[in-house]
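Let me put the model on the page and take notes as I go.

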Amino acid sequence: MELVRNAEDAQVLNEVRVQLLGKKGEITQLLKSMKELSAEERPAFGQRVNELREAVESRLSEQRTKLERAQREAKLREETIDVTLPPRRIQYGHPHPNTKALEEVERIFIGMGYEVVEGPEVEFDKYNFEKLNIPAGHPARDEQDTFYITENILLRTQTSSVQARVMEQGRLPIRMICPGRVFRSDAVDATHSPSFHQIEGLVIDRHVTFADLKGTLDAFAKELFGPETKTKLRPHHFPFTEPSAEVDVSCFKCGGKGCRFCKGEGWIEILGCGMVHPHVLEMCGINPKEYSGFAFGVGLERIALLKYEIDDMRLLYENDTRFLEQF
Ligand code: DAH
């Protein structure tokens, strides 16, 4: 009984059980030794040994219950939760400035009836250059050097590639914007990155004129930067549009007087645009005598940097939450 009482864990208790009641246990031995006794002695001896065994068994089971209870209590004590402790703060994510700028641009154009489409980042030379009037050897290729997968497959340098893809499908009229990632073999600095984003726009229908282009982009700029915003078109050259222009908006910081933000100019360049070149329409299977259209391309990062007054593009990619949290 002493042995049982002293057994302080389940394993020791089990050893005690084996020692007393097991095949070679002490009590088992006593029962076995009965055959050496005379017939008269046997019943009384047997009865006493049985009583002893029952007593031992009941003590064993009592001790087991006691141990189990103690174990459960210890576990509960260990798992106590202090409900008065302050909770750990949950970190909520929120949209990146690029995403916010993109959603804003999409909202504006969807409001004007445009469709949002996507095209592949790994693109054929044909769509990225050739069908946009930039044949092999054209000097415009120098400014848009990129990463080549094969001679004819590359990482697209402009979302203009999607223009050719959409026109080729032949479903007219077209009124679409196409946001997406583009790539150039550029070194990283405050205004350059080998990978950035553009939003392309394309409208093709009967009787589309330069006035439509001008009015559309003016409405876009006013929605994006505020109703006071003025726009100005400067002649420019892009191989796939004719005529082509760059659009400047009046500086929304100083209203056009000239400040640090617009580098004293009063104007800020935001995008390139033009009337789709008749040869491009032809190469994409559209009759330029029947249809005309305009296109434009804006840099998403450029919009985000301007809108949120960020002065270094690298900040957009570093994903430092202390910076991103501000927008
Ligand atoms: N793809 C041109 C670039 O990356 C931007 C551009 C200019 C797009 C004029 C156009 C456009 O659609 O009409 O520099």
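I started with R314, which forms a salt bridge with D312, their closest N and O atoms being 2.9 Å apart. My reminder on the term: a salt bridge needs a side-chain nitrogen of Lys or Arg within 4 Å of a carboxyl oxygen of Asp or Glu. R314 is partly exposed at 33% relative accessible area, whereas D312 counts as buried at 16%. The classes are buried for under 20% relative accessible area, exposed for over 50% and partly exposed in between, with a 1.4 Å probe and protein chains only.

A note on the source: this is a predicted model, where local features need pLDDT of at least 70, side-chain atom pairs count only at pLDDT 80 or more, and totals for chains, interfaces and linings use all residues. Residues are numbered from 1 along each chain as its sequence is written, and side-chain values use heavy atoms, leaving out hydrogens and water.

Next I looked up K253 and E309, whose side chains meet in a salt bridge (2.8 Å, N to O). This pair links distant parts of the chain, 56 residues apart. K253 is partly exposed at 47% relative accessibility, and E309 is also partly exposed, at 41%.

Then I turned to R59 and E62, which form a salt bridge of 3.6 Å, N to O. R59 is partly exposed, with a relative accessible area of 28%, and E62 is partly exposed at 48%.

How many salt bridges does a search of the whole structure find? I noted down 13.

Key: Helices (H or I, at least four residues) and strands (E, at least two) are DSSP runs, numbered from the N terminus.
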